[in-house]
Amino acid sequence: MDPELFKAFEAERWGAKAESYERVTGQITRRLVEPLLDAARVGPGTRVLDVATGPGYLAGAAAERGATATGIDIADGMLEAAAGRHPRVSFLCADAERLPFAAGEFEAVVGAFVLNHLPCPEEAAAGFARVLAPGGQAAFTVWERPPRSRLITLLGDAARAAGVVPAGEVPAGPDTFRFADEDELRGLLSDAGLSGATVETIDLVHEGDDLDELWHGLLGGSVRGAALVEAQGAETRERIRIEFDRLMDDLRTEGRYRIPIAVKLGSARKP
């Protein structure tokens, strides 16, 4: 894995998804905002850092609670969209593994589905602990593995079922499900110097009745899976779509498509 190559790929691709993210993926990640802020004990006056803020859901909700929120991301397109939606939040372009903040600057550090995108998560976690003030709280969500959670594997599963063999469309990146292992997630937080690390599982279901909306929504709200699909020729993309529809048919009950989603929420405190 070339960390800088992977980060540049993600920055460009996520920036291009700023307006389409909400179609499906954003509807789901929004549902984890309040549990994350609760786990980080965010309230009026709390100084909050939202890492990999994306469209700014977490930072915006923190500001609505009366917190002083700062959101960072490496994708300029996401930052532009976030700033337009959340004028009370300070947004800036910054790398989660190289935080440009002083020690103890924040009382809460939160991140929605960022750990699974980091080439060097141990380095990032050490930075999260450094910028937390004593007594401050960190909280992060990551995806559970399939089959319990299907959302982020559907495009890749459909591509494989269509006989697509990845051939460099996506640069090598970190293990998407490393921190679905609760010991790994607790260990990451504890090894960074945080205490009392806990992990809980949150189960959700995303429902829809329009296959086209689900297909285009997933393409518009993912990077690695979407890049694999989008790199193929028209005929291959059509085969992938056929397999996607078949996979979704297995998730159809009572006339609706129901995608199971499971999330790990890990939190810990700065001594």
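1. Leaving aside neighbours within four places in sequence, which residues is His-117 in contact with? The answer is Phe-6, Glu-10, Trp-14 and Pro-174. Bear in mind while looking at these that the model is predicted.

2. Staying with His-117 for a moment: you'll find His-117 in the loop that runs between β4 (106-112) and α6 (121-131). Its side chain also makes a polar contact with the side chain of Asn-116, at 3.5 Å.

3. On to the cysteines. If you were wondering how many disulfides there are, the count is zero. Cys-93 is in no disulfide, and the nearest cysteine sulfur, that of Cys-120, is 18 Å away. Looked at from the other end, the sulfur of Cys-120 has its closest cysteine sulfur in Cys-93, and 18 Å is too far for a bond, because a disulfide needs the two sulfur atoms within 2.5 Å.

4. Now the helix pair. Two packed helices are described by the angle between their axes and the distance between the axes. For α7 (residues 154-161) and α11 (residues 234-249), the angle is about 120° and the axes are 8 Å apart. That makes α7 oblique to α11, because 65 to 115 degrees would be roughly perpendicular and over 145 roughly antiparallel. The crossing of α7 and α11 is right-handed.

5. Which residues meet where α7 and α11 pack? From α7 come Leu-154, Leu-155, Asp-157, Ala-158, Ala-159 and Ala-161. On the α11 side they meet Ile-240, Glu-243, Phe-244, Arg-246, Leu-247 and Met-248.

6. Met-248 turns up again in the contacts of Tyr-257. Tyr-257 has its place in strand β8 (residues 256-269). Is Tyr-257 buried or exposed? Its relative accessible area is 8%, so Tyr-257 is buried, the cut-off for that being under 20%.

7. Setting aside neighbours within four places in sequence, the contacts of Tyr-257 include His-206, Glu-207, Gly-208, Asp-209, Leu-211 and Leu-214. Also in contact with Tyr-257 are Met-248, Asp-249, Leu-251 and Arg-252. Arg-85, for its part, is 172 residues from Tyr-257 in sequence and 30 Å from Tyr-257 in space, C-alpha to C-alpha.

Methods. Residues are numbered from 1 along each chain as its sequence is written. This is a predicted model: local features need pLDDT of at least 70, side-chain atom pairs count only at pLDDT 80 or more; totals for chains, interfaces and linings use all residues. Side-chain values use heavy atoms; hydrogens and water are left out. Helices (H or I, at least four residues) and strands (E, at least two) are DSSP runs, numbered from the N terminus. Buried means under 20% relative accessible area, exposed over 50%, partly exposed in between (1.4 Å probe, protein chains only). Contact means heavy atoms within 4.5 Å. A polar contact is a pair of N or O atoms within 3.5 Å; within protein, one must be able to donate a hydrogen and the other to accept it, and residues adjacent in sequence count only if both atoms are side-chain atoms. Axes are lines fitted to C-alpha atoms, for helices over the stretch in contact, and angles run from 0 to 180 degrees between N-to-C directions. Angles under 35 degrees count as roughly parallel, over 145 as roughly antiparallel, 65 to 115 as roughly perpendicular and the rest as oblique. A crossing is left-handed if the near helix is turned anticlockwise from the far one by less than a right angle, and right-handed if clockwise.
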